[in-house]
Amino acid sequence: MSTVNQTPATQSSTLKDQIREFIMENLAHAKGITSFTDDENLMESGVVDSLGIFRIVSFLEEELHVRVSDEEINAETLQSVNSIEQLVLSKKK
Amino acid sequence: MAYILQQLLTKGAERYPEKAAVWARGRSITYRELNERSNQLAHLLRGRGIQKGDRIGIYFPKCVESVIAMLGIVKAGAVYVPLDPQAPADRVGYIIGNCGCRGLITREDKRRGLDEATLASLEFCVLTDESPKSSNGASLVPWAMLSQFPAADAPKVVLTETDLAYILYTSGSTGRPKGVMLTHQNALTFVEWCAEIFKITSEDRLSNHAPLHFDLSVFDVYNTLEAGATVYLITEDLALFPSKLASFIETQGITVWYSVPSALTLLLLHANLSAERLARLRLILFAGEVFPMKYLQQLAATLPHVELQNLYGPTETNVCTYYKVERDRLASMDKLPIGIACENTEVFAVNDQDEIVTEPGGTGELYVRGPAVTYGYWADHEKTAKMVVPNRFQRNFEEKMYRTGDLVQLAEDGNYYFLGRRDSMIKSRGYRIELGEIESALLSHDAVKEAVAIAIPDDIVSNRIIAVIAPHDGIDLKAAELQQHCGAKIPKYMIPESIEFRISLPKTSTGKVDRVQLTQESIRAAQQTATEAVSQ
């Protein structure tokens, strides 16, 4: 399966790194995209499509252990690495 | 009765001048405005020397100007070519060159993304977002310029229903997309049948979920105009979020919905749909891929008041068969039929003995004849001759029919059932994808020796795409690099989501890559991964 030169998320990696790496390895590469910034709108640049959104939600729930309701799945919360980080932080408070 | 598409708008503008015709991104335009603006655009295009039959591209994200552009271009007697605003510039450039677009209606950021050779080939670009100050050079025409042209009437151009109205590009097996030519008659045959059978009225609010380069949008736009209804263009920011989309359908009071099944499945799974919320919705049409039965049954149960219709047909025929979902039969069905032929269209299956299938249970390739069938592919006589063939079942006069490449079975009740494809075309989220086009993109990378693209069946999107690659000896190639390479050649929905590397690919006894074996291996591996995921 796809091989990617990325350091795996370790204890020392920040939440933002984890989110960025997940999106890069699982969504961006499959769209032929190899770079994006933390505040880039991932829907506009085509990194995230309708199924990608639900892969992010599964990642948040399974890997980061936060519950996301259907209403919270929207363009504001999921548009960028930064906004996803904010969503997770607000849940962990 | 209308024989060219723009007559649908003229009729609407006379009957409902102040009614909203098109809504998008929080903005709407009335029938009068749509009529006047498209008249002005048509005069502008004629002023630029555009003649009957010339091609003009439409290249910007959906908004009310998209519909003005479509109508303005046909009113000038020209042929519009909707271009995917999300496709790589290389592919868009190829299409512009292939059909020889003389002009483009576009947005400055989109125009700037095109390559030099493509820009040089265009005589002019009408920019929907630019003010006169910021445009430079004679070849850039600001949208504001429209107001200088006559609004009351369209230019006088002699057109018949056999003239081309638009060209829709679909995936091509040889690595480049092919342009399906559609006449006014092709479109109107379908639109008039829909108007009759679905009883669209001026009270209806239609959604437009499909992109404009996708033939589903022909119904959304032209059946709206035909009825004097309103069409709500659904943009990416809405389409991506099921919960938001459901609220949109609810608050805008959408009455008629048409999309690929996967969009409906996502709504069903993630949007908390209910009959109370979508009380005004009366009709759901779906097409483009097979609707998985379990989700269709759930949808039918969740929205008991909504009529459900399965439409079938390749772009070359628009829709040619339909099946009205019978709720009382749904529980006992394991597969949904594609149904029976639409009015003014004939379909039949031709078996391996080259006979028309008449007995229930018989299988064969589906053929289509009638006024909905395309002339063929733009500037591709070879492909056209292969797919749009003389009707050998009657020899009294010359007539063409279209071979769909779809294998079907005729059932007891007269319905046809889709069995599969004769070739390597697949569907994913309703998009038609030729695996050959993906392989051609993979093989265009210098390090790739052999490449096979494989479709893995998927519950929600019909198929996911993966690839198996053998690189040239000793080259260390990364999946991400190859995916990036593909991103410059083919649309994102065609890029393999994962790539497996092997030293060499298995071969058949004739020395060809053994596609069947690779496909079986990959599907088995995918099923195993899925089972492991469940048991974890």
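This is a predicted model: local features need pLDDT of at least 70, side-chain atom pairs count only at pLDDT 80 or more; totals for chains, interfaces and linings use all residues.
## Chain A

The secondary structure of chain A consists of three helices and zero strands, and from the N terminus on these elements follow the order α-α-α. Of the 93 residues in chain A, 30% count as buried. When the contacts in chain A between residues at least 6 apart in sequence are considered, 48% of them join residues at least 24 apart.

## Two helices of chain A

Helix H1 (residues 15-28) of chain A meets helix H3 (residues 81-92) of chain A, with axes that come within 10 Å and cross at roughly 125°. An angle from 65 to 115 degrees would count as roughly perpendicular and one over 145 as roughly antiparallel, and H1(A) and H3(A) are therefore oblique to each other. The crossing in which H1(A) passes H3(A) is right-handed.

On the side of H1(A), the contact is made by Leu15(A), Lys16(A), Ile19(A), Arg20(A) and Ile23(A), while H3(A) brings Val81(A), Ile84(A), Glu85(A) and Val88(A). Sorted by class, the residues in this contact of H1(A) with H3(A) are six nonpolar, no polar and three charged. As background to such a pattern, an α-helix has 3.6 residues a turn, so residues three or four places apart point the same way.

## Chain B as a whole

Chain B contains 17 helices and 27 strands. For 536 residues, a compact globule would have a radius of gyration near 24 Å, and the value for chain B, 24 Å, agrees with this. Taken along the principal axes, the box filled by the C-alpha atoms of chain B is roughly 65 × 60 × 60 Å.

Of the 536 residues in chain B, 48% count as buried. Among the contacts in chain B with a separation of 6 or more, 65% are accounted for by residues 24 or more positions apart.

## A covered helix in chain B

Which residues of helix H4 (residues 89-98) of chain B are buried? They are Arg91(B), Val92(B), Gly93(B), Ile95(B), Ile96(B) and Asn98(B). The elements of chain B that cover these buried residues of H4(B) include strand S3 (55-59), strand S4 (79-82), helix H6 (116-121), strand S8 (164-170) and strand S9 (178-183). Just after H4(B), Gly100(B) takes a positive phi of about 60°.

## Helix pairs in chain B

Helix H7 (residues 184-198) and helix H8 (residues 216-227) of chain B have axes 10 Å apart and pack at an angle of about 65°, in a crossing that is right-handed. From H7(B), Ala187(B), Phe190(B), Val191(B), Cys194(B) and Ala195(B) meet Val218(B), Phe219(B), Tyr222(B), Asn223(B), Glu226(B) and Ala227(B) of H8(B). The residues of this contact of H7(B) with H8(B) divide into nine nonpolar, one polar and one charged.

Helix H10 (residues 242-252) and helix H11 (residues 261-270) of chain B pack at about 95°, with their axes 9 Å apart, which makes H10(B) roughly perpendicular to H11(B). Pro242(B), Ser243(B), Leu245(B) and Ala246(B) of H10(B) make this contact with Leu266(B), Leu267(B) and His270(B) of H11(B). By class, the contact of H10(B) with H11(B) has five nonpolar, two polar and no charged residues.

## Where the chains meet

The contact between the chains takes 21 residues from chain A and 26 residues from chain B. The side of chain A that touches chain B has nine nonpolar, nine polar and three charged residues.

Conventions. Residues are numbered from 1 along each chain as its sequence is written. Chains are lettered from A and ligands numbered from 1 in the order in which they are written. Axes are lines fitted to C-alpha atoms, for helices over the stretch in contact, and angles run from 0 to 180 degrees between N-to-C directions. Helices (H or I, at least four residues) and strands (E, at least two) are DSSP runs, numbered from the N terminus. Angles under 35 degrees count as roughly parallel, over 145 as roughly antiparallel, 65 to 115 as roughly perpendicular and the rest as oblique. A crossing is left-handed if the near helix is turned anticlockwise from the far one by less than a right angle, and right-handed if clockwise. Two residues are in contact if their C-beta atoms, placed from the backbone, lie within 7 Å. Ala, Val, Leu, Ile, Met, Phe, Trp, Tyr, Cys and Pro count as nonpolar, Asp, Glu, Lys and Arg as charged, and the others, Gly among them, as polar. A residue is buried if 20 or more other C-beta atoms lie within 10 Å of its own, exposed if 12 or fewer, and partly exposed in between; C-beta atoms are placed from the backbone. The radius of gyration is taken over C-alpha atoms; the globule rule is 2.2 Å times the number of residues to the power 0.38.
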